[in-house]
Amino acid sequence: MFGGRTALLLRGLRPWLRVEPRRHRDSFRDFTKEFDKFRQKAKGILPGSDWTPLPISRDLPPEQADVVIVGGGVVGWSVAYWLKRNEPQSGAVRVVVVERDLSVSCLSSARYAKASTVLSVGGIRQQYSMPENIQMSLFSANFLRLIDEYLHVIGQPPVDVQFNPSGYLFLASDETAAILEENVKVQRMEGAKVSLLSPAELKKKYPWMNTDGVVLASCGLENEGWFDPWTLLNALRSKAISMGVYQSCGEVTSFTSDTTEMVTQDGEQIDFSRIKYVNVHMPNSTEYASIQCSLVVNAAGAWSSKVAEMAGIGTGPPDSISGVKLPVEPKKRYVYVWHCPDGPGLGFPMLIDTTGAYCRREGLGGNYLGGISPTEEEEPDIQDLEVDHEFFQEKVWPKLAHRVPCFESLKVKSSWAGYYDYNTFDQSPVIGLHPLVDNLYFATGFSGHGLQQAPAVGQAIAELILDGKYKTIDLEAFSFNRLIKGEKALERNVI
Amino acid sequence: MAAPTLLRQCRGIVSLLYSSSRYNSSSTSSTANPAKVGVLQYLCNRFYDIETFVEVSRALKKWNLHRNNRFCIEACERYGYEVGAAVFVLNLKGRIRAWGQNNWHQNSITKWKDDLNFQRLEEVRLEAIDISGSIISYNGLDNLVNLKALKYLDLSRCPNIDDWSLSRLTVFRDTLEELSLAGCPQITERGLACLHHFQNLKHLDVSDLPSVQHKGLVRILLEEMLPQCDIVGMGYGETEPPVEGATNRREMEEHPEAAINLKAREIHT
């Protein structure tokens, strides 16, 4: 009986006996795991390791950089790309591009909601009056042609900007015909291929056109047309990143600068300053990061005067040099897309009317897009990107329908608005150093031509930074000094 | 254990061979053999050393292209642009015919000189050039653009002729009567649009252009644009299967309404 009870007890104990060693072993394993973790952490805290007690945000910019580019539009990325391409040795220049409008992981166009680059019509032309503009545009056309050699990233499909070599057609009225002829002379001298057409030739070549009021027309034969801006931006960005440019998502809120006071011979006091840190506000958080830098490039497009103000430009007394503001303002421009099944066909170029209205073909399905620059009195409000549809009905349509009678019947399909980085002083870009802020470069104020001039400007700024002077195209005419002197670099437009 | 892995790898390679054809859909690529590029691409993704190899082969190809498309400066300086162009074309194994000649010439330049017994070399004018199947590129056209009286130009099956090159041909807009672009893999409908400058064109061959989308529609638009011209090689009913991995813009052209609405929406969100 006793033996039986022992057996029962033992049977009762058996599960316990069975489980216990296993449980014991498990806790021992956990303990060694914990110990390993602890050891790792302890190792991490030792000086010289990467571990910090605070979690790291992924999009933080590096703490130091040689060049900080404010604005990640096509101009900003072009500057970054050319800096990396022309650097004397691999990794010599540390470049950061700060853009508030993009998310690092997302490559969809929805992210660049306000950026002028992707909202542009994507045209490129050589029909300017200033030799610098013509040279820049010729360089850019060459860049676009060889874009796959410039921007090819190994392992990626080839870059194709979908260039439409249809050319620009400028129409001139009686008053502007002489200017047009003179402009064409300059353009030909610079190497652009432009042909002049009389109204009779125009009528023969483009039978859909009403040539009333047209005295002369100029038509670009080569290197003119339109392309996909989104592809160019993306290709520049991915190439620059593959070459080691840092991209940071955030908004530049202020600069930390050193200021030195100096007195001129006339006894006027001048403050020289030098930007030491760029303070970046990270999106959707209260976090700030400051980048210690030696040079800053202001490529913030329509918002670049805000950036300039942060560096103290335009904040001084009105008659001094530091009182000269960067005269770049955002201006809203509308683009309308319409459908017209009987419209002009494949030979339809980018048409610039005598009134300033423009339009072009979009694809093959009878779609067209176009618009007009409003006069100063009717400048729209720039708070949002709402499109004014009455503007098309009242201002754009009558002018286009007069020039191209088959546009009498059309159906507006869609529209959008974008910002111009409009230079209110002379509608020409501001490129180069500021005389008082020692290390701030401008590449802004393109007044709607930023996309087509971006490759050339990027190269020019990179030359200015790395070599100290312009080598390929001399852009001295667009320096900030002209704003101080009050000399306008005016483009003599036909429109 | 090794066999299934190997099989999977093989499948990977095979699928890459197929998918590599999408690189051809883009107009900037000029891949002669897609299979080769596919394998290289595959290896490139796996091993970093191959990248260098690919880069070197690209550079070599570019150098060769550049070398063959140089401007024939000596001939141009001594005998003028027409002879320079003749030398260039004959070097690329093309054929030429001068004004007043009845036969094509495709041998050496000295023999051609003998044929022109009644003309001085400086006065010769090229009437026709057949440079089909050669590696002439945009830069190579430097040699041709100064010709005064070119009537016939055959650029068929030239892998490096693209839309940009087509816009360069506009210098011949008053003289050119026959143009063949058959089988150029890089030419798209965007480039064909700039043919509207050619008012005297009588014959245009646009057969077998793999990069042109909506061939039927393009054919109609070309006829509308060049009413005096006889267009061959592009049927009204021709459509092509949708290209895998086509770019956004292409899709947009296929469904313009939807795409534009989409674009507008994207922009406004």
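**A walk through chains A and B**

Let's start in a loop: A:Asn223 sits between strand E6 (216-220) and strand E7 (225-226) of chain A. When I say helix or strand, I mean DSSP runs, H or I of at least four residues for helices and E of at least two for strands, numbered from the N terminus. Before going on, some ground rules: this is a predicted model, where local features need pLDDT of at least 70, side-chain atom pairs count only at pLDDT 80 or more, and totals for chains, interfaces and linings use all residues. Residues are numbered from 1 along each chain as its sequence is written, chains are lettered from A and ligands numbered from 1 in the order in which they are written, and side-chain values use heavy atoms, leaving out hydrogens and water.

Back to A:Asn223, then. Its phi is near 60°, which is positive, and the residue isn't a glycine. Is A:Asn223 buried or exposed? Its relative accessible area is 12%, so it is buried; buried means under 20% relative accessible area, exposed over 50%, and partly exposed in between, with a 1.4 Å probe and protein chains only.

Now look at A:Gln427, in the loop between strand E16 (411-423) and strand E17 (430-433) of chain A. That residue also isn't a glycine, and its phi is positive, about 60°. A:Gln427 counts as partly exposed because its relative accessible area is 32%.

On to helix H7 of chain A, residues 229-242. Its 14 residues reach 20 Å from first C-alpha to last, close to the 20 Å expected at 1.5 Å a residue; that expected span is 1.5 Å times one less than the number of residues. How many residues of H7(A) are buried? It's 10 of the 14, so the helix is mostly covered. Among the buried ones are A:Trp230, A:Leu233 and A:Arg237. And what covers them? The cover includes helices H2 (74-86), H3 (131-145), H4 (147-151) and H10 (450-466), plus strand E8 (246-249), all of chain A. After H7(A) comes A:Gly244, with a positive phi near 105°.

Let's zoom in on H2(A) against H7(A). Two packed helices are described by the angle between their axes and the distance between the axes. Here the axes come within 9 Å and cross at roughly 35°; axes are lines fitted to C-alpha atoms, for helices over the stretch in contact, and angles run from 0 to 180 degrees between N-to-C directions. From H2(A), the contact uses A:Val74, A:Trp77, A:Ser78 and A:Tyr81, while the H7(A) side includes A:Leu232, A:Leu236 and A:Ile241. Contact means heavy atoms within 4.5 Å.

H10 of chain A, part of that cover, also holds A:Glu463. Why call A:Glu463 buried? Because its relative accessibility is 5%. Leaving aside residues up to four places away in sequence, A:Glu463 touches A:Gly468, A:Lys469, A:Tyr470, A:Lys471 and A:Thr472. A:Arg39, on the other hand, is 424 residues away in sequence and 51 Å away in space, C-alpha to C-alpha.

Finally, the whole chains. Chain A has 11 helices and 18 strands, and chain B has 12 helices and 6 strands. In chain A, 54% of the 495 residues are buried; in chain B, it's 45% of 269. Looking at contacts with a separation of 6 or more, residues 24 or more positions apart account for 74% in chain A and 65% in chain B.
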